[in-house]
Amino acid sequence: MFFQKRHRNLRGQRFMNKTAKKNTEDFLGICYAVVLCYFVYSIVQNQLSYILSDYNGHLYVYYPLFSKEFLIEAWQTVPYFLWHGVVFILENLFHIPIENAAGYTSCFFAVFSYGVIRWVFLKIFEGIDGDSSNSQKASTLAFCLSIVQGIYVDFFDIEGRYLGIFSMNPLHNPTQMCVLGIAVLCMVLTYDIVCMQKKKDYNGIFFHVEKNPKRYYILLAILLLLSTLAKPTFAEMFILAVGIFMLEELCSCTFKDRKQGKKYFKHCFHMFLCSIPALMYILLQSIDYFVMGGSYSGETSVIFTGCGEVWSIFSENIILSIVLGMAFPLYVFLLHPAFFLKTNLGKLGIISYLVGLMEALFLAESGIKFTHANFMWPMCSGMAMMWLVSVIEMVMLEKQAVSKRKNILVQIGWFIFAAHVLCGYLYIKELLI
Amino acid sequence: MCVICSIISLLVPFPKADVHLKIYFDEIEGNECALYYETEDTEGYAAERCIMADVEDNTYVDFHIEASIAEKITGIRIDMPDTGVEQLICIKNFTVNSAGIIQKKFNSCYFLDPIHISGQHGISGISLVKVRKRAYIRCEEKDPYWILSSDLVEEIKDGQSDYKLTRLGILLFIYGCCFSWKKDVFSETTQKFEGTTVYE
């Protein structure tokens, strides 16, 4: 009787401890979200005062077009209107001044991206350890990933903390930051779908794709379309990347077994169907931009350039810029290339980055928009995918680091990651001056 | 075979990088500075061999010398802004940047030492404050410039990169990846996600 009572007491105590721990962890996650909001809100308010800043352009030049009289002109100028749309709702429905509305909108999207990344890590920990109680680490990693920037050292003659290196978090740009959360969702959903197509008994890590696959195909199509409404540059990169990924799978499948190849072709077709709404919208945007002269004038068009012609305007050494912007993912690749070349998640990450990189190196807009380097945005999205996958891989490598040598290798990796985070903080500080 | 290819790729002549000569100021008035150059084929500082550069934020000026010119350069003349009034310019330092790296950093007292100046015009005096590592130039109303000595020009030319470090870095990364692939240090255990192996 006594033992039973004691056991019950102990169990109750353990439950209380666990709940208390969970509450503390959740509190930390909320603290990170608040700090992120503070950073983003301050950046927006500070950047609005600079006439050439992206926030100033989007809020004081493009946003005023969003009225009943100029709605078509507004769409023609900014067909990716998700950020502007939310500002519009906050201003007109809640009567919030536009500067504050812009700040709140950016905070909303920043917290959304942070929440999505945190959820991804929770699912990963659940997959590795079998429970998702490691939310403290998930929150920390998500917060760090929300601010990381390329490593910037005075010793190098790079244009600035962002220009020249570029990064997965262009915090000075409202639309690129707006697409990040949706992009991560697209990535993990695609991963689950791709795994499900390859293995019949696959249980989804992030979504329960095994239960009702059709629903998730539709969800992917919606997310891709939503991403084009936020900023089309992610879909421009990602659809092509998934296409290349599936083509490679199709070739290897057909090479092994023709029947399997035919079966896999059906999956490729399904994925293509998912991308149609987004592709149609991108086509519509292209017609608007390059035929109807939606933004600036009809004189601009997409052109092929020599290798890195646009990038070299901002950087004297593109290889060095790549290394500084991607030091952590490159280190993870160096530690375990098999992950990026053999697994679905790794392959999706690296192909996304390479497709983005190729677009940045070889594509540009002609005319006055040549120096705007707008094809760097797909690369920024590709960097985000590669960064996410690299951090996931690092978390998994950490689990394997049982020997001293492996542990040192993993710690070096986290050190590089911390350097990126520190540079992110310094970049935020610079944006606030 | 791979090692031989690597050594060849390191030793083979590679197109050289552009050179950026940057001058950092503490005090300056005016919008533009100019750099005139002489090459092996051409003598004299003529208008067709002039590189103009804006004074950015009143703090520095960046002369972009193209790789083909930097290779042949034999003489450099630096012109300060033509403001029409006398002014005292305070120079912090000079850097030679190439291939995205600061290859050389010159103390202003070294750079403007009389032995490194082969000629000057419109400059009534140069004071070198060695303890503060600053050089002050008193410029007259019109056309202030000074000509660098040939030794200093050679030193600047030495700063031109041929991307050797970048090439070495790429090779090391490729070798590192191959080594890591062969050793497969981190693939002893297979991680499991909800019953599905991640490492196929």
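In chain B, strand 9 (residues 123-129) and strand 10 (residues 134-139) run antiparallel, joined by six bridges. This is a predicted model. Chain A carries a nonpolar patch on its surface.

**The hairpin in chain B**
- Four residues sit between strand 9 of chain B and strand 10 of chain B in this hairpin.
- Lys133(B), in the hairpin, takes a positive phi near 55°.
- Ile126(B) has Ile137(B) of strand 10 of chain B opposite.

**The nonpolar patch on chain A**
- The patch covers about 1,100 Å² of surface.
- Its members include Phe265(A), Phe269(A), Phe272(A), Leu283(A) and Met292(A).
- Met292(A) belongs to the loop that links helix 10 (258-291) to strand 1 (302-304) of chain A.

**Where chain A meets chain B**
- Chain A brings 41 residues to the contact, and chain B brings 32 residues.
- Several helices of chain A each supply at least two residues of the side that touches chain B, among them helix 5 (98-129), helix 7 (174-198), helix 16 (376-400) and helix 17 (404-431).

**Polar links across the interface**
- Seven residue pairs are in polar contact between chain A and chain B, both residues at pLDDT 80 or more.

Note on methods: Residues numbered from 1 in each chain as written. Chains lettered and ligands numbered in written order. Predicted model: local features only at pLDDT ≥ 70, side-chain atom pairs only at ≥ 80, totals over all residues. Heavy atoms only, no water. Pairing = 2+ DSSP bridges. Patch = residues over 30% accessible without salt bridge, like charges linked within 9 Å, V, L, I, M, F, W, Y side chains within 5 Å. Areas by Shrake-Rupley, 256 points an atom, 1.4 Å probe, with all protein chains shown as cover. Salt bridge = Lys/Arg side-chain N within 4 Å of Asp/Glu carboxyl O. Contact = heavy atoms within 4.5 Å. Polar contact = N/O pair within 3.5 Å; in protein donor to acceptor, adjacent residues only side chain to side chain.
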